[in-house]
Amino acid sequence: MGSSGAGHRGSGQRLGITDPISLSGPTEYDVMKTLELEKFLQEAGLYESQEESLNREEVLGRLDQIVKMWIKSITRAKGLDEQLVQEANAKIFTFGSYRLGVHGPGADIDTLCVGPRHATREEDFFGELHRMLSEMSEVSELHPVPDAHVPVLKFKFSGVSIDLLYAKLSLFVIPEDLDVSQDSILQNADEQTVRSLNGCRVTDQILRLVPNIQNFRTTLRCMRYWAKRRGVYSNVAGFLGGINWALLVARICQLYPNALPNMLVSRFFRVYTQWRWPNPVLLCEIEEGSLGLQIWDPRRNPKDRYHLMPIITPAYPCMNSSYNVSSSTLRIMSEEFQRGNDICEAMEANRADWNTMFEPYAFFDAYRNYLQIDISASNADDLRSWKGWVESRLRQLTLKIERHTYNMLQCHPCPCDFTDKSRPFHCSYFMGLQRKQGVPVNEGEQFDIRLTVDEFKHAVNIYTMKKSGMEIYVSHVRRKNIPNFVFPGGVRPSRPKSTWDMRRATELRMERSPESKAVLNVSAEDGNKRRREDSDPNPGYPIRVGCPPAPSLEVAEVGLTTVSTASLPSIKGYELHDNGVGELGTRMVENAGSENSKEVENLAIEKISAVPYVESQSLTEELESDVGYKNDPNEIPKSAKNSNVVSLTSDVGAPSTSSGKVSNSPASLCMEPGPEELEVWLADLLPFVVFHLSEQICCCYCLCCTCFLHVDFLFYLFREAC
Ligand SMILES: Nc1ncnc2c1ncn2[C@@H]1O[C@H](COP(=O)(O)OP(=O)(O)OP(=O)(O)O)[C@@H](O)[C@H]1O
Ligand SMILES: [Mg+2]
Ligand SMILES: [Mg+2]
């Protein structure tokens, strides 16, 4: 493994959009802790064996041969001349966790097949190639998904899971040394091709933009494992997936180019605990490009303004990779970042170790009340498609519950699904429910969410490919009645272990109470109350929900304790340069370890995370877009655009666009709707409109006059109405 030196691209070389925060190299402590971390990750089984890795290489070699055979065969079948048949070529590229070098045993290989202009997606890729694969003995579980946002052929080849995408280029012949990173490759490409190429282009860019690939890999492995243990690894559930974690870690590597993984992990938590979302995380400038493809730009695209945690991909066309994040999942992740930060500080004081960091989140101990969503189908194939659909809708349930209870009830989706082995073709999902902290408990108050649940079930049941046997059932369960099949080995642990989270919860209770004795009594009462509540028979609806039994960690106070860039104080001769952090890093090396250096670092983090994306755009561009608006009657007037941006950013404690000053107003993330929250709000407000706001597609269908409405227009109406 070895984590220092290899792949280094020169000390302090600037690879990001700002200067690094610190050029500090490792201390003895960092070296020791990094070795410990690598050992920990090894022992956790995160690295595959050499045998497995050779098998993967063989599989990739075979796949490349297969697509080459395929392209010759379809070229001949199309009656093209013999020279073209001879030259016909297709090629495979890898991307995702395998290409980044952070995959674990059993992970899939994300693969892209690139073919020439005459090889079509529908007939040749999903037709002939699919047929060829289906006849091969090494291939199993072949499952084409041609209608997905990014169409994919899923299968196993010699036991290795493969996701195979297809890109149809405008070239007649695909050269063997094709470089997919050049933008010209996107010329005349259809939308699916652009999206399919994106994975490879993004992965390659990430590897180019980090200063030390080996340190990036170890840190990313650590963060991916941590996120899985803490229940925040899942794109579909509204947390972050592989690509998002990779981008977040890559940015930290840019900001601390000489740091070892131990320090990178600690700075990951420090930076993202203080980050002023929704300011975006960027690895490089967002290029306009010359092909006119849509890029992430909250000034121009109204829907981009509602992204709560933008993490922007670094290859043209740059997009937000984390549009699924909602205010609830952002809240949960912010709490987790805070926990990680606390543990890193405790590690430095020898009060915690890597085991503490990776303690699993005790989801089924954390709440008193849960929603259980059971789904079933008639066979394995139906269950797979039913699951895919239901999982894509579950975020809506979270949003609807929070919205319909005026944000007094908070929902925590568990990203895993659970299977009861005694029930075939069935699986269950769970969501924790709790009263928002600070909302007063009125005796006997109940939340009736029956209508919300019915609405959700209705939205799920309109699945266009629904078959008989596809069922969904939603029930309210108390902690005590959580079924045993969710626990490892099917047995509920008799007593939860003493964990960091439990100790922290006790400390928090102590802090809140002036006398520890009183606190202990309260805790005992809590325990009794918990037992009484747990012993209730199945409560059904409505739900009586208390505050969390053991209060979870405080929500990270994004924007509460930070300082305005307009009035950055100077600290003992340290200067912050106007254009970024300037020489800050070099100065910090001299002062490594001192309290001052931490303060300076925090100010630098503050400054970097507080630069709003809109501010970084030039005035010229604004003028240009003005001209554009005059010519385009569908565009929202500039005054409306700016007021939208200002209200969005200032609401969450981020800087205003007009003055460039940082607002220190308290974060009110829960109040700020993301695109999906808007979908829920709008669907509530305008029942005659059916909304479909998935991924890139934003269209509304008006049932009264059967016409499509422009969603930008509806967003505009909505903002004005509020
Ligand atoms: N929301 C997204 N935005 C942009 N690209 C994405 C997104 N989701 C997936 N991708 C692309 O597809 C690749 C593969 O996705 P996948 O879900 O397999 O994650 P991964 O990084 O390979 O991690 P894992 O080991 O969990 O498979 C990503 O690395 C990324 O390039
Ligand atoms: Mg993958
Ligand atoms: Mg995949």
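Which helices each supply at least two residues of the shell around ligand 1? I started my notes there, and the answer is α4 (96-100) and α8 (242-255). A reminder to myself: this is a predicted model.

**Ligand 1**

I looked up the rest of the shell next. There are 13 residues around ligand 1, and Ser97, Asp110, Arg224, Tyr233 and Ser321 come nearest. I sorted the shell by type and got 4 nonpolar, 6 polar and 3 charged residues.

Then I checked side-chain contacts to oxygen atoms of the ligand. For arginine 224, an N or O atom of the side chain sits 2.7 Å from an oxygen of ligand 1. Tyrosine 233 has a polar side-chain atom 2.7 Å from a ligand oxygen. With aspartate 110, the distance from a side-chain N or O atom to an oxygen of ligand 1 is 2.9 Å. I also looked at cover: on its own ligand 1 has 600 Å² of accessible area, and the protein covers 72% of that.

**The magnesium ions**

Asp110 turned up again here. Together with Asp108, Asp110 coordinates the magnesium ion that is ligand 2, through OD atoms at 2.2 to 2.3 Å.

**Helix α9**

Last, I looked at α9, residues 261-274. The helix has 14 residues and reaches 20 Å from first C-alpha to last, close to the 20 Å expected. I found 14 of its 14 residues buried.

Note on methods
Residues numbered from 1 in each chain as written. Chains lettered and ligands numbered in written order. Predicted model: local features only at pLDDT ≥ 70, side-chain atom pairs only at ≥ 80, totals over all residues. Heavy atoms only, no water. Helix = DSSP H or I, 4+ residues; strand = E, 2+ residues; numbered from the N terminus. Expected span 1.5 Å × (residues − 1). Buried < 20%, exposed > 50% of the residue type's maximum accessible area, 1.4 Å probe, protein only. Near = heavy atom within 4 Å. Polar contact = N/O pair within 3.5 Å; in protein donor to acceptor, adjacent residues only side chain to side chain. Areas by Shrake-Rupley, 256 points an atom, 1.4 Å probe, with all protein chains shown as cover. Nonpolar A, V, L, I, M, F, W, Y, C, P; charged D, E, K, R; others polar. Donors = N, O, S within 2.8 Å, 3.2 Å for Na, K, Ca; no water.
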